[in-house]
Amino acid sequence: MIFNIYDFTSFTQWIDNLLYSNLSPFWALIVEMTLIGLVFLLGYALVGLFLVYLERKVCALMQNRIGPNRVGPFGLFQTIADLIKLLLKELISIKHSDKLLFNIAPFIVIIASFLCIAAIPFAKGLHAMDFNIGVFYVMAVSSMGVVGILIAGWSSNNKYSLIGAMRSGAQIVSYELSVGLSLITMVVLAGSMQFSTIVEAQSDGWFIFKGHISSVIAFVIFMIASTAETNRGPFDLAEAESELTAGFHTEYSGIKFAFFFLAEYMNMFIVAAIAATVFWGGWMPLHIGGLEGFNNAMDFIPPFIWFFGKTFVIIFLMMWFKWTFPRLRIDQLLTLEWKYLLPINLINVLIMAFLVLMGWHF
Amino acid sequence: MNIIGYITDIFKGVISLLKGMKVTGSYFFRPWTVVTQKYPENRKKLEMYERMKGEIVMPHNAKNEHKCTGCGICELNCPNGSIEIITFQLVSEDGKKKRAIDKHIYRIGMCTFCGLCVKTCPSKALSFAPNFEHAVFSRERLTKILNKEGSVLEKGVEG
């Protein structure tokens, strides 16, 4: 049996062998990359659309409303209708704007989030690129999105956009530190930056349980900092509707606006996927060291269900934040990072290093 | 800032955040608390609230009597001029001349539902009704006559 939902290694190997035996190595590589790109594009669009629907539904229920319920059953096709509307809308060109940068900006934002997906392990063997510095790669690439936002704000020739973009810059540069340090805490525990190794190391218990106190603190800090990094509420100063109309994407319309919108939701998915992988074991089922029967029962659920289940639980958590807390002021935002999260994080790295040295983790 | 204050600050902050999340979370996990009405579908059993300012009506009792004396205070108070009262002289049995309303005209198209007429009416002849489906095909139908055909003033309203 080539196709096995518990282990995709043989399946991907089979495709690889098939391509290399029929084509020259160059063309086989091209075809392989195109295939993976297409799969990601499709997944990107589907997950993005679903997340927009999910957000609206979750938000509505939290505010005692029903949410989208007219297009399709339970309003499931509402976002598809929205997408069609956005595709048909006019792309307005702004006078005295920097045309080249204005057109490039949405692509930079979306490419940054695309690059991230490559490193995420979706299931056993379902992994586009297994870098030996996966965690580092994701951090480096995800911070590229801010360049797109800054360019968008600058090229729009609009004060709202510029202020929004500058806020976003200050915010992401600050919170990058916390994201990095909380991931480093977990790298200390795992002893590796490779995602496949990190997931394998959690086969006898997820890191959030293994590193107990330190892991929980790191997880909370990661959730706060990564919410800020994706420019989502309560840290959505970059687009604070009430004061900046829409921040950096004020001047964008039609599909270019949709790109920013989609990128925001995909960044949320990516951040949740990384949190699930590093803290909650990625596709690894819930294992408790020593309980054979329980572990075997958990193995029965396919890994990709575990992965998406965990990811969506974390996404729900992020939506819960967004629709509960009020937006922070810019000085409160920077105070939270530099006076609270960063010192706690630095101490937490030390605690984790101490725990690992003394062998006090499980 | 001392270190103990700093740490208690963090814990207080986290607890207050969790309190907020408890509120929204409790609504999320209890979908039956949704207050939205699916209006066109539930039109037959839709129940509006008593205090809703849908339109202005003049309540009549079972003997087709209303409380409007035709004093014109509502007409004076209306900021948009959407009320117009047409009165006539009524001669009672003992020869006294009395004022009575012929038509209490209410133009709903101009009404902003401010409620000044209801508030200032000395005999409490006007009130709000919760009906909100006012769409009509011609502008003339937005002009309503509030007193019913052949209705008279209720006894005892006028001193």
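Analyst: Helix axes here are lines fitted to C-alpha atoms over the stretch in contact, and the angle between two of them runs from 0 to 180 degrees between N-to-C directions. The model is predicted.

On that basis, helix α4 of chain A, residues 99-117, packs against helix α6 of chain A, residues 145-155, at an angle of about 160°. Their axes are 8 Å apart. Angles over 145 degrees count as roughly antiparallel, and α4(A) and α6(A) are therefore roughly antiparallel to each other. The crossing in which α4(A) passes α6(A) is left-handed.

On the α4(A) side, the contact is made by A:L101, A:F102, A:A105, A:I108, A:V109 and A:A112. On the α6(A) side, A:G145, A:G148, A:I149, A:I151, A:A152 and A:S155 take part. Sorted by class, this contact has nine nonpolar and three polar residues, and no charged ones.

A packing between chains can be set beside this one. Chain A contributes A:V58, A:L61 and A:M62 to the contact, and chain B contributes B:T24, B:Y27 and B:F28.

Next, the backbone in the loops. Most residues other than glycine have a negative phi. A:N64, in the loop between α2 and α3 (78-88) of chain A, has a positive phi near 60°. A:N64 counts as buried because its relative accessibility is 14%, and the cut-off for buried is under 20%. B:K124 also has a positive phi, near 55°. The place of B:K124 is the loop between α3 (116-120) and β5 (127-129) of chain B. With 63% relative accessibility, B:K124 counts as exposed, the cut-off for that class being over 50%.

A:D236 sits between α10 (212-229) and α11 (241-244) of chain A, and at 6% relative accessibility A:D236 counts as buried. Leaving aside residues up to four places away in sequence, A:D236 touches A:N231, A:E241 and A:R327. With A:R327, the side chain of A:D236 forms a polar contact of 2.9 Å.

Technical notes: Residues are numbered from 1 along each chain as its sequence is written. Chains are lettered from A and ligands numbered from 1 in the order in which they are written. This is a predicted model: local features need pLDDT of at least 70, side-chain atom pairs count only at pLDDT 80 or more; totals for chains, interfaces and linings use all residues. Side-chain values use heavy atoms; hydrogens and water are left out. Helices (H or I, at least four residues) and strands (E, at least two) are DSSP runs, numbered from the N terminus. Angles under 35 degrees count as roughly parallel, over 145 as roughly antiparallel, 65 to 115 as roughly perpendicular and the rest as oblique. A crossing is left-handed if the near helix is turned anticlockwise from the far one by less than a right angle, and right-handed if clockwise. Contact means heavy atoms within 4.5 Å. Ala, Val, Leu, Ile, Met, Phe, Trp, Tyr, Cys and Pro count as nonpolar, Asp, Glu, Lys and Arg as charged, and the others, Gly among them, as polar. Buried means under 20% relative accessible area, exposed over 50%, partly exposed in between (1.4 Å probe, protein chains only). A polar contact is a pair of N or O atoms within 3.5 Å; within protein, one must be able to donate a hydrogen and the other to accept it, and residues adjacent in sequence count only if both atoms are side-chain atoms.
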